Amino acid sequence: MNKIKTTTIIDGKLIAKKVKDEIKAEVAGLIDNNDQTPHLVAIIVGEDPASETYVASKEKAARSVGITSSVYKYPAETTEEELLKTIEFINIDDEIDGLIVQLPLPDHINVNKVIEHINPDKDVDGFHPINVGKMVIGQPSFISATPAGVMELLKRYKIETEGKHCVVLGRSNIVGSPLSILMSKKTNPGNATVTICHSKTIDLNSITKQADILICAIGSPQFVKADMVKDGAVVIDVGIHRIPAETEKGYKIVGDVDFDDVSRKASFITPVPGGVGPMTIAMLLNNTLLSFKKKHNI
Ligand code: NAP
């Protein structure tokens with residue numbers, strides 16, 4: 001008789017809430033001990049509505065766990081020099097534990113220069129080359145929030161990764177590349193055999209079909225279909241897209257994976273929304289707490 005196959009939907013919203021509850025409890029304890037709280041600063045340049053929404057939700061989430069949050073807003077015409085000066089002030093401000101510069105920045109500002117200007121000890125986005133380098137050689141560092149969120153989901157769902165074949169779809173600096181490194185490290189989760197795919201990969205389906213764990217960060221709505229996935233694979237969908245739909249709002253949010261199609265085959269799968277997305281902010285807050293604790297030798 002065939003065993004009945006079940007699919008577990010990974011509840012990122014629930015896990016993100018648990019992570020935030022844990023941070024909140026820890027921050028409350030810190031306040032009791034020394035009357036200080038972690039402080040996160042977000043810099044936003046220009047009036048991009050999506051960036052404003054992201055920053056507002058980071059600010060709200062920080063406050064909800066007792067982390068002090070400030071947003072420095074600058075007009076789109078702000079020069080690179082002015083922005084770098086602001087970063088220099090924040091870098092040496094002992095009251096500030098974490099600094100994020102919301103991307104994208106206006107075209108006249110060099111993003112790499114800005115990221116490299118942030119004090120690596122306050123770089124809670126984990127984008128600074130020093131933090132990326134430390135991650136690669138397995139030293140303690142800030143791991144950027146989205147990859148950290150994926151690893152946390154695998155950990156909390158006790159998904160076996162050791163010796164598994166993990167295929168990462170996408171090689172961006174902020175998602176695909178760091179995840180390929182993290183999954184290959186001598187850690188748990190980790191210890192996987194990793195293949196990284198990108199737009200120049202030939203015969204993509206034959207590779208994705210070998211994946212025990214398939215991480216999709218490709219930036220293409222509902223790209224991954226059931227015929228690209230092995231029976232029983234763990235499927236992690238990092239993508240977020242707004243596509244037109246006959247809903248009240250006129251759109252719906254989907255990922256890089258065709259959820260209805262692929263969930264028939266997957267053993268575990270993250271939905272969009274409600275999978276990886278909620279974890280990103282939770283892990284950013286976690287990095288801010290880590291920075292505070294490091295500063296106070298806690
Ligand atoms: P990205 O910078 O656009 O990178 C996409 C990657 O996918 C690139 O490496 C690209 O290859 C590869 N790719 C594109 N089309 C492909 C194809 N047909 N076959 C194989 N590979 C292909 O995207 P990203 O910043 O990593 O983001 C990926 C997705 O995650 C997006 O939907 C984004 O919105 C979402 N995201 C979500 C969160 C969150 O909090 N949940 C955070 C960040 C991003 P090349 O390198 O060859 O161009």
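This report describes the domains, sheets, helix packing and backbone geometry of a predicted model.

## Basis of the description

Residues are numbered from 1 along each chain as its sequence is written, and side-chain values use heavy atoms, with hydrogens and water left out.

Helices (H or I, at least four residues) and strands (E, at least two) are DSSP runs, numbered from the N terminus.

## Domains

The domain assignment of the protein gives domain 1 as 35-119 and domain 2 as 144-276; such bounds come from an automatic or database assignment. The C-alpha centres of domain 1 and domain 2 are 29 Å apart.

## The three-stranded sheet

An open sheet of three strands is ordered S3-S2-S4, and its pairing is parallel; two strands are taken to pair if DSSP finds at least two bridges between them. Strand S3 (68-74) and strand S4 (98-101) are at the edges with a single partner strand each, so one side of each has no neighbour in the sheet. The twist from one strand to the next averages 15°. Angles here run from 0 to 180 degrees between N-to-C directions, and axes are lines fitted to C-alpha atoms, for helices over the stretch in contact.

Strand S2 (residues 39-45) runs parallel to S3 and is joined to S3 by seven bridges. Val-45 has Tyr-74 in S3 as its bridge partner. Helix H2 packs on this sheet, where it touches S2, S3 and S4, and its direction makes about 160° with that of S3; contact means heavy atoms within 4.5 Å. Helix H3 (residues 80-92) also lies across S2, S3 and S4, running at about 180° to S2.

## The six-stranded sheet

A second open sheet has six strands in the order S1-S11-S8-S7-S5-S6, with parallel pairing. Its edge strands are S1 (8-9) and S6 (193-197), each of which pairs on one side only. Within this sheet, strand S5 (residues 165-169) and strand S7 (residues 213-216) are parallel and share four bridges. Val-168 stands opposite Ile-215 of S7. Helix H7 (residues 176-184) packs on the sheet and touches S5, S6 and S7, with a direction at about 170° to that of S6.

## Helix packing

Helix H2 (residues 49-64) packs against helix H10 (residues 277-295) at an angle of about 55°, the axes being 10 Å apart. This angle makes H2 oblique to H10; angles under 35 degrees count as roughly parallel, over 145 as roughly antiparallel, 65 to 115 as roughly perpendicular and the rest as oblique. H2 contributes Ser-57, Lys-58, Ala-61 and Ala-62 to the contact, and H10 contributes Ile-281, Leu-284 and Leu-285. These residues comprise five nonpolar, one polar and one charged. In this classification Ala, Val, Leu, Ile, Met, Phe, Trp, Tyr, Cys and Pro are nonpolar, Asp, Glu, Lys and Arg are charged, and the others, Gly among them, are polar.

Helix H1 (residues 12-34) and helix H6 (residues 145-156) pack at about 95°, with their axes 11 Å apart. H1 and H6 are therefore roughly perpendicular to each other. Gly-12, Ile-15, Lys-18, Val-19 and Glu-22 of H1 meet Glu-152, Leu-153 and Arg-156 of H6. The contact of H1 with H6 has three nonpolar, one polar and four charged residues.

The axes of H6 and H7 come within 9 Å and cross at roughly 35°, in a right-handed crossing. The contact is formed by Pro-147, Val-150, Met-151 and Leu-154 of H6 with Pro-178, Leu-179, Leu-182 and Met-183 of H7. The residues of the contact of H6 with H7 are eight nonpolar, no polar and no charged.

## Backbone geometry

Most residues other than glycine have a negative phi, and most peptide bonds are trans. The bond from Leu-103 to Pro-104 is cis, with omega near 5°, and Pro-104 is placed in the loop between S4 and helix H4 (111-117). Asn-188 and Pro-189 are likewise joined by a cis peptide bond, with omega about 0°; Pro-189 lies in the loop between H7 and S6.

Asp-203, which is not a glycine, has a positive phi of about 55° and is located in the loop between S6 and helix H8 (204-208). Asn-297 has a positive phi near 50° and is found in the segment after H10.

Methods:
This is a predicted model: local features need pLDDT of at least 70, side-chain atom pairs count only at pLDDT 80 or more; totals for chains, interfaces and linings use all residues. A crossing is left-handed if the near helix is turned anticlockwise from the far one by less than a right angle, and right-handed if clockwise.
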